[in-house]
Amino acid sequence: YDLISERERIKEPRRVLSEEEAAVLSEKLKCVRKGSVLKAVYYNVDAYETVEGFVSTVDFTFRTLTIIKTKIRFDDIFDVSGPGIPEE
């Protein structure tokens with residue numbers, strides 16, 4: 001089943017954020033706290049994925065965010081949303 005779902009996955013190129021979009025995302029990430037509910041869109045290998053759930057850890061030193069058991073590098077995050085996160 002994993003092989004079938006991998007073949008069905010639509011590959012897409014990584015989008016580059018503009019300086020303004022990167023600044024907005026940075027402000028959003030500053031509001032993320034452990035235990036909050038968050039929805040994140042991030043680049044994973046060759047396509048964008050969405051994960052939603054409780055934030056397990058936020059590590060500003062190593063620039064990573066963990067939602068449930070999914071560890072995401074800040075550089076791979078395209079957008080985040082949730083309660084307490086300002087909209088654009």
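Predicted model: local features only at pLDDT ≥ 70, side-chain atom pairs only at ≥ 80, totals over all residues.
The chain has 88 residues, of which 27% count as buried. Two helices and five strands make up its secondary structure, and along the sequence these elements follow the pattern α-α-β-β-β-β-β. Among contacts between residues at least 6 apart in sequence, 51% join residues that are at least 24 apart.

The five strands form an open sheet in the order S4-S3-S2-S1-S5, with antiparallel pairing. Strand S4 (70-73) and strand S5 (77-81) are the edge strands, and each of them pairs on one side only. On average, neighbouring strands of the sheet are turned by 45° against each other, direction ignored. In general, the strands of a sheet pair through backbone hydrogen bonds, in either a parallel or an antiparallel manner. In the present sheet, strand S2 (residues 47-59) and strand S3 (residues 64-67) run antiparallel and are joined by four bridges. Within this region, Val58 stands opposite Leu65 of S3.

Thr57 lies in strand S2 and counts as partly exposed because its relative accessibility is 37%, between the limits of 20% and 50%. When residues up to four places away in sequence are not counted, Thr57 touches Thr64, Leu65 and Thr66. The C-alpha atoms of Thr57 and Ile67 are separated by 7.3 Å, the two residues being 10 apart along the chain. Thr64, in turn, is found in strand S3. With a relative accessible area of 10%, Thr64 falls under the 20% limit and is therefore buried. Leaving aside neighbours within four places in sequence, Thr64 is in contact with Thr57, Val58 and Asp59, and also with Lys71, Ile72, Arg73 and Phe74.

In general, most residues other than glycine have a negative phi. Arg63, by contrast, has a positive phi near 55° and is not a glycine. Arg63 is found in the loop between S2 and S3, and counts as partly exposed because its relative accessibility is 42%. Ile68 is likewise not a glycine, yet has a positive phi of about 55°. Ile68 lies in the loop between S3 and S4.

Helix H2 spans residues 19-30 and includes Val24. The 12 residues of H2 reach 17 Å from the first C-alpha to the last, which is close to the 16 Å expected at 1.5 Å a residue. Leu25, Lys28 and Leu29 are buried in this helix. These three residues cover an arc of only 95° around the axis, so they are on the same side of H2. In general, an α-helix has 3.6 residues a turn, so residues three or four places apart point the same way. The cover over the buried residues of H2 includes S5. On the face of H2 turned away from its buried side are the exposed residues Glu19 and Glu20. Val24 takes an intermediate position in accessibility: at 31%, Val24 counts as partly exposed, because the value lies between the limits of 20% and 50%. The C-alpha atoms of Val24 and Glu87 are 8.8 Å apart in space, although the two residues are 63 apart in sequence.

The surroundings of Val80 show how several parts of the chain meet. Not counting residues up to four places away in sequence, Val80 touches Leu25, Lys28 and Leu29, together with Leu38, Lys39, Ala40 and Ile85.

Key. Residues numbered from 1 in each chain as written. Heavy atoms only, no water. Buried < 20%, exposed > 50% of the residue type's maximum accessible area, 1.4 Å probe, protein only. Pairing = 2+ DSSP bridges. Axes fitted to C-alpha atoms, helices over the stretch in contact; angles between N-to-C directions. Contact = heavy atoms within 4.5 Å. Expected span 1.5 Å × (residues − 1). Arc of directions from axis to C-beta.
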